[in-house]
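I opened this structure to take notes on its helices, its charged pairs and its rings. The entries below follow the order in which I looked things up.

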Amino acid sequence: RVLFRSELFCTGRVAIFNRDYALAIGLLQDVTHLDAERPYGYNALGLAYLELARTDPENLRRAASAFEFAVSLAPKWAYALHNLALVHSEQGNFLLAADTYERAIRAGNFYSYLPFNLGLLYQNVNRLDDAERYYRQAIAVAESARASRIDPVGAEFRERAVALNALATIQIARKRHRSALSLVNSALHDAPTLTEALHNKALILDMMSKNGISPDAENFWKEAIAANPGAVVERVAFADYLNRSGRSEEARAELAKLLEIAPDNIDGLRILGRIHMSQNRSLDAVPLFDRVR
């Protein structure tokens, strides 16, 4: 029977990865019935509902219920608390999300992603001092985990790089470009192919350029896109840079690739509409602006 429960659980988790959510929910509900007093089935069930919340917001309530049940059975399970905090954040319950992240940090003080995500939550509501504090805590936790050999030591130190890059975005928001550049360079030293850091370095170099033209920025955007061909934010920024640099046809080509990946990207549609307007092609621009609206 134990083997049967394990098989159901693993098959359900695979179904989530395969985006077969109906199968996943059925299997994981069976797991919770067979093993009602252990949290792992409820947590996995919450993950399935959280994925489905993209199409039906009612699934956020179901995800919250599943995660709450998992937490009631394992109050110090950091992963379940983290997932519950994600749901609270998606529901717009900022204070409850922050409190739940704090509980998760106390329960799993060697996981850097917990203070990092709390920092991100604070940054999203423009509490930059709090965001900076938790990003720095994430760096300290990542360094401690590596020093203690809790995390394996590899060629890259991606956990610290992600937090350093996030710190750079705080400095960008404060218009402290040289400080931001130093942080991004440190992030790229830890993880040379980190797409977000390559993108931010390009942004900073673009902001620091005197005439709005920076070949170095262009090269870093190209490197970021090469590292992640599915990149969306990076392609938008690069297309905007090309258009501002008077290279509208190159911008159009970049936007065509972007809209293949993300057909409803608002920023991409807006930039393409502006290009049409600048070329006296208003009839082509109007449908794009309608889609944006």
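**Entry 1. The whole chain.** Before counting, I noted what counts: helices are DSSP runs of H or I with at least four residues, strands are E runs of at least two, and both are numbered from the N terminus. By that rule I found 16 helices and zero strands in the chain. I also wrote down that this is a predicted model. Along the principal axes, the C-alpha atoms fill a box of roughly 70 × 45 × 35 Å. I then looked up burial, where buried means under 20% relative accessible area. Of the 293 residues, 48% count as buried.

**Entry 2. Helix α7.** Helix α7 has 12 residues. From its first C-alpha to its last it reaches 16 Å, close to the 16 Å expected at 1.5 Å a residue. How many of the 12 residues of α7 are buried? I got nine, so α7 is largely enclosed by the rest of the structure. The buried residues in α7 include Leu114, Phe116, Leu118 and Leu121. Pro115, Asn117, Gly119, Tyr122 and Gln123 are buried in α7 as well.

**Entry 3. Rings around Tyr122.** Tyr122 came up again when I turned to aromatic pairs. The structure holds 10 of these pairs. In one of them, the ring centres of Phe94 and Tyr122 are 5.6 Å apart and the planes stand at 75 degrees, so I recorded the pair as edge-to-face. The cut-off for that label is planes over 60 degrees apart. Phe94 lies in helix α6 and Tyr122 in helix α7, so the pair ties together parts that are 28 residues apart in sequence. Are Phe94 and Tyr122 buried or exposed? Phe94 is buried because its relative accessible area is 18%, and Tyr122 counts as buried at 9% relative accessibility. I then found that Phe94, Tyr122 and Tyr134 form one aromatic cluster.

**Entry 4. A tilted pair.** Next I looked up Trp221 and Tyr241. Their ring centres are 5.5 Å apart and their planes are at 45 degrees, so this pair is tilted. Trp221 counts as buried because its relative accessibility is 0%. Tyr241 is also at 0% relative accessibility and counts as buried.

**Entry 5. A charge over a ring.** I checked one ring for a charged neighbour. Arg146 lies over the face of Phe157, at 4.0 Å from the ring centre.

**Entry 6. Salt bridges.** I counted 22 salt bridges in the structure. I wrote up three of them.

Arg160 and Glu143 form a salt bridge, with their closest N and O atoms 3.0 Å apart. This pair links distant parts of the chain, since Arg160 is in helix α9 (residues 158–173) and Glu143 in helix α8 (residues 128–147), 17 residues apart. Arg160 is partly exposed, with a relative accessible area of 23%. Glu143 is partly exposed too, with a relative accessible area of 34%.

Where do Glu218 and Lys222 lie? I found both in helix α12 (residues 215–227), four residues apart, about one turn of the helix. Glu218 counts as buried because its relative accessibility is 10%. Lys222 is partly exposed, with a relative accessible area of 44%.

The side chains of Glu250 and Arg247 meet in a salt bridge of 2.9 Å, N to O. Glu250 counts as partly exposed at 42% relative accessibility, and Arg247 counts as partly exposed at 23%. I also noted a network: salt bridges that share partners join Asp129, Glu132, Arg136 and Arg174.

Entry 7. Which residues make the nonpolar surface patch of about 270 Å²? I listed Phe110, Tyr111 and Ile150. Tyr111 is found in the loop between α6 (94–107) and α7 (113–124). Tyr111 counts as partly exposed because its relative accessibility is 35%.

How values were computed: Residues numbered from 1 in each chain as written. Predicted model: local features only at pLDDT ≥ 70, side-chain atom pairs only at ≥ 80, totals over all residues. Heavy atoms only, no water. Patch = residues over 30% accessible without salt bridge, like charges linked within 9 Å, V, L, I, M, F, W, Y side chains within 5 Å. Areas by Shrake-Rupley, 256 points an atom, 1.4 Å probe, with all protein chains shown as cover. Salt bridge = Lys/Arg side-chain N within 4 Å of Asp/Glu carboxyl O. Buried < 20%, exposed > 50% of the residue type's maximum accessible area, 1.4 Å probe, protein only. Phe/Tyr/Trp six-rings, centres within 6.5 Å; stacked < 30°, edge-to-face > 60°. Lys NZ or Arg CZ within 6 Å of the ring centre and 35° of its normal. Expected span 1.5 Å × (residues − 1).
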